[in-house]
Amino acid sequence: MFAKVDEHGKIPEDEPVKIDRFEPILQRKFLVELGKEWYSVETPIPPANSYEPLIVQTFEEGEQSMLLSKRVERSAAARKRCLDIHGHQCLVCNKSMSDRYGEMGEDVIDVHHLNELSQTNGKYLVDPETDLVPVCPNCHRMIHTQQPALSLEAVRKILTKLC
Ligand SMILES: [Zn+2]
Ligand SMILES: [Zn+2]
């Protein structure tokens, strides 16, 4: 969207900004279904995480900072950083999927957002060290059986009680 400019190429300051023209841009996006709504995102989201609310974020460390449109995006870089910091073991049950499934379970791990992302409006800055935690798909599903999501501690307690 471009604003109308005066003869000096400047946007006039003493009147409301007028739209001059639009530039059509075609971008490849991926559709993700969350709840009853569809969102368009730049990186495909693994189905295992599809019940996680989409992140609204700018992730600046390491990767180029991303300017988000209105919809939220999940940063694959933030996920990777989280796993680099916290490892591939579930922080609830302390198991990794490769403990259970061998080689095929190696990259299967969810990343859970400790902050209720759906409640953040617009931009949200994610710190992969403090905001993101690795959890196995089972524990992750249990965390999200309630709204707001259960704490890791709450699910851990239930697990240890039963074992
Ligand atoms: Zn687990
Ligand atoms: Zn989650």
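Mentor: Let us begin with helix 4, which gives the most to the lining of the second largest pocket, with 5 residues. This is a predicted model, in which local features need pLDDT of at least 70 and side-chain atom pairs count only at pLDDT 80 or more, while totals for chains, interfaces and linings use all residues. Residues are numbered from 1 along each chain as its sequence is written, chains are lettered from A and ligands numbered from 1 in the order in which they are written, and side-chain values use heavy atoms, with hydrogens and water left out.

Trainee: What makes a set of points a pocket rather than a cavity, and what volume does the second largest pocket have?

Mentor: On a 1 Å grid over the protein atoms alone, a cavity is a set of points where a 1.4 Å probe fits but cannot get out, whereas a pocket is an open set with protein on both sides within 12 Å along at least five of seven lines; a residue counts as lining when it has an atom within 4 Å of a point. Grid points are joined across faces, edges and corners, and the volume is the space filled by probe spheres set on the points; for the second largest pocket it is about 260 Å³. Among the 16 lining residues, Val 92, Cys 93, Cys 139, Val 155 and Leu 159 are the closest to the centre of this pocket. Helix 3 (137-143) and helix 4 (152-162) are the elements that give two or more residues to the lining.

Trainee: How do you know which elements are helices, and how many helices and strands does the chain have?

Mentor: Helices (H or I, at least four residues) and strands (E, at least two) are DSSP runs, numbered from the N terminus. By that rule the chain has 4 helices and 6 strands, in the order β-β-β-β-α-α-β-β-α-α along the sequence.

Trainee: Why is Val 92 called buried?

Mentor: Buried means under 20% relative accessible area, exposed over 50%, and partly exposed in between (1.4 Å probe, protein chains only). Val 92 has 3% relative accessibility, so it counts as buried. Val 92 is in the loop between helix 1 and helix 2, and its C-alpha is 5.7 Å from that of Leu 152, although 60 residues separate the two in sequence. Ala 77, in helix 1, is also called buried because its relative accessibility is 15%. Across the 163 residues of the chain, 31% count as buried.

Trainee: What makes Asp 84 and Lys 80 a salt bridge?

Mentor: A salt bridge is a side-chain nitrogen of Lys or Arg within 4 Å of a carboxyl oxygen of Asp or Glu. For Asp 84 and Lys 80 the N to O distance is 3.0 Å, and the two are separated by about one helical turn because they lie 4 residues apart in helix 1 (residues 76-86). Asp 84 is called exposed because its relative accessible area is 54%, and Lys 80 is exposed as well, with 52%. The count by this rule is 4 salt bridges, including one between Glu 15 and Lys 18 at 3.3 Å and one between Arg 21 and Asp 20 at 3.4 Å.

Trainee: Why are Arg 21 and Asp 20 placed in the class they have?

Mentor: Arg 21 is at 45% relative accessibility and therefore counts as partly exposed, and Asp 20, with 38%, is partly exposed too.
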